[in-house]
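Here's a walk through a protein model, from single residues out to the whole chain. Keep the structure open beside you as you read.

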Amino acid sequence: MRVLALLSGGIDSAVACYLMLQKGIDVEYLHFSIGTQIPSHEKAKKLVKKLKEYNGPSRLFILPHSKLMEILPRNRYTCVYCKRGMLSIAEKLAERLGCDALLTGDSLGQVASQTIPNLRAEDCAVRIPVLRPLIGFDKEEIIAIAKKIGTYEISIEKGDECKAFPRNPVTKAKLSEIKPIDVSWLVEEVKEIKV
């Protein structure tokens with residue numbers, strides 16, 4: 001089995017990838033790169049290199065986050081739209097790579113986009129299964145695993161952060177309020193980078 005992971009560069013997604021690698025699942029990586037001063041894809045490269053120690057070679061694909069954000073509305077639903085867009089692009093790439101599912105580091109309730117109503121609204125953007133091995137973990141459990149596997153120090157390195165985060169993000173998304181936006185064509189902008 002092969003999955004395509006949405007690798008953020010933070011603590012959670014790297015741990016989710018590790019857990020799947022431990023199950024013998026092949027993992028490919030997609031990173032939505034943020035920043036120019038300290039580009040986040042440099043951190044993603046380090047994480048993939050570290051994760052390779054646990055289960056052979058994998059590929060890292062990147063897409064500038066700004067390309068997605070140019071299309072999406074800026075309002076209380078921005079984070080939900082963003083995650084829907086990321087999943088939609090990832091689904092198209094997964095089809096090309098022959099992946100069976102997507103993988104995220106979502107942990108219930110840690111951020112606004114990770115509430116049950118928001119996860120439901122995000123999943124409705126794709127047909128492919130979305131695996132969330134950390135869904136019931138708390139932050140301390142995730143950090144403990146990250147420290148054990150050597151990804152924690154990489155994940156906490158300073159870097160540019162998303163500037164599109166709304167002041168008052170929605171936590172109970174309603175599908176009736178979400179306008180369908182097709183961003184899957186952005187898969188043509190995805191590039192593989194050497195790790």
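Let's begin with burial: a residue is buried under 20% relative accessible area, exposed over 50%, and partly exposed in between, using a 1.4 Å probe and protein chains only. One more thing before we dig in: this is a predicted model, where local features need pLDDT of at least 70, side-chain atom pairs count only at pLDDT 80 or more, and totals for chains, interfaces and linings use all residues. Residues are numbered from 1 along each chain as its sequence is written, and side-chain values use heavy atoms, with hydrogens and water left out.

Now find tyrosine 54, which counts as partly exposed because its relative accessibility is 28%. Tyrosine 18, at 8%, counts as buried. What does the structure hold 1 of? That would be an aromatic pair (rings of Phe, Tyr and Trp, the last by its six-membered ring, with centres within 6.5 Å; planes under 30 degrees apart are stacked, over 60 edge-to-face, the rest tilted). The ring centres of tyrosine 18 and tyrosine 54 sit 5.0 Å apart with planes at 80°, so this pair is edge-to-face. Since tyrosine 18 belongs to helix α1 (residues 11–22) and tyrosine 54 to the loop between α2 and β3, the pair ties together parts that are 36 residues apart in sequence.

Stepping back, the protein chain has 7 helices and 6 strands (DSSP runs numbered from the N terminus: H or I of at least four residues for helices, E of at least two for strands). From the N terminus on, they run β-α-β-α-β-α-α-β-α-β-α-α-β.

The 6 strands make an open sheet with mixed pairing, in the order β5-β4-β1-β2-β3-β6; two strands pair if DSSP finds at least two bridges between them. At the edges are β5 (130–131) and β6 (191–193), each with a single partner strand, so one side of each has no neighbour in the sheet. Helix α2 (residues 40–51) packs on the sheet, touching β2 (26–33), β3 (60–64) and β6, where contact means heavy atoms within 4.5 Å. Strand β1 (residues 2–6) runs parallel to β4 (residues 101–103), joined by 3 bridges, and valine 3 has alanine 101 in β4 as its bridge partner.

As for the whole protein chain, buried residues make up 52% of its 195 residues. Of the contacts with a separation of 6 or more, 80% are between residues 24 or more positions apart. The C-alpha trace spans about 45 × 35 × 35 Å along its principal axes.

Conventions: Axes are lines fitted to C-alpha atoms, for helices over the stretch in contact, and angles run from 0 to 180 degrees between N-to-C directions.
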